[in-house]
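Good morning, and thank you for making time for this presentation. Please bring up the sequence and the structure, and I shall then go through the model.

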Amino acid sequence: MGYKYILCDADDTLLDFAAAERQAFRESCIAFGATDTDEIYARYHVINDRHWKLLELGQTTREKLKRERFAELFEETGILSPDRAADFATTYIDKLSHQGQLFDGVTDTLSTLSVKYDIYIITNGATIAQHGRLDNSPVMEYAKGLFISEEIGAAKP
């Protein structure tokens with residue numbers, strides 16, 4: 001008996017999350033008049049990864065993650081006051097929700113696979129960002145469903 005289902009991770013499999021994240025960060029910095037350099041973004045990336053690991057270990061919450069990653073970055077770099085972190089986080093998620101960059105060949109691959117398999121998309125991203133990025137994406141034409149960890153109450157689906 002062969003496979004019936006294919007689970008595709010949204011980020012870094014179908015969607016180019018690195019490009020989306022970088023663009024959302026850039027646009028958020030512009031909106032707040034904050035300095036955006038490759039060095040500052042690299043530091044954000046390190047801080048962000050650590051906060052996501054803490055979430056996976058159950059040592060923080062999604063709400064804390066969204067806010068504290070920016071508060072920590074602002075404290076370290078001085079690009080904004082840490083008390084702007086919550087507002088920046090809201091703007092960042094909004095900007096991220098408008099980023100839907102696909103990797104080359106994704107729709108062709110999904111089209112081919114969907115003839116034989118039921119395709120489901122899974123992701124551990126934030127609900128608002130992932131719905132914004134995926135709901136109107138051409139990948140949803142081939143997917144039977146979308147599972148977002150935040151919606152199902154897990155760190156990862």
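In which helix do Tyr-41 and Tyr-44 lie, and how many residues apart are they? Both belong to helix H2, and they are three residues apart, about one turn of the helix.

Before I continue, a note on the basis of these values. The model is predicted, so that local features need pLDDT of at least 70 and side-chain atom pairs count only at pLDDT 80 or more, while totals for chains, interfaces and linings use all residues. Residues are numbered from 1 along each chain as its sequence is written, and side-chain values use heavy atoms, with hydrogens and water left out.

Let me turn to the overall fold. The protein has seven helices and three strands; here helices (H or I, at least four residues) and strands (E, at least two) are DSSP runs, numbered from the N terminus. Their order from the N terminus is β-α-α-α-α-α-β-α-β-α. The C-alpha trace spans about 55 × 30 × 20 Å along its principal axes. Of the 157 residues, 41% count as buried, where buried means under 20% relative accessible area, exposed over 50%, and partly exposed in between (1.4 Å probe, protein chains only).

Next, the strands, which pair if DSSP finds at least two bridges between them. Strand E1 (residues 5-9) runs parallel to strand E2 (residues 118-123), and five bridges join them. In this pairing Asp-9 stands opposite Ile-122 in E2. E2 also pairs in the parallel sense with strand E3 (residues 143-148), again over five bridges, and there Tyr-120 stands opposite Gly-145 in E3.

I return to the aromatic residues. Rings of Phe, Tyr and Trp (its six-membered ring) pair if their centres lie within 6.5 Å; planes under 30 degrees apart count as stacked, over 60 as edge-to-face and the rest as tilted. By this rule there are 13 aromatic pairs. One of them joins Tyr-41 and Tyr-44, a tilted pair at 6.0 Å centre to centre with 40° between the planes. Both tyrosines are buried. They also belong to a cluster linked by ring pairs, together with Phe-25, Phe-32, Phe-70, Phe-74, Phe-88 and Tyr-92.

The largest pocket holds about 560 Å³ of space. A pocket is an open set of points on a 1 Å grid over the protein atoms alone, where a 1.4 Å probe fits, with protein on both sides within 12 Å along at least five of seven lines; lining residues have an atom within 4 Å of a point. The volume is the space filled by probe spheres set on the points, which are joined across faces, edges and corners. This pocket has 27 lining residues, and Asp-11, Phe-17, Asn-48, Trp-52 and Asn-124 lie nearest its centre. H2 gives the largest share of the lining, six residues.

Two loop residues remain. Asp-12, in the loop between E1 and H1, has a positive phi of about 70° although it is not a glycine. Arg-84 lies in the loop between H3 and H4 and counts as partly exposed because its relative accessibility is 33%.
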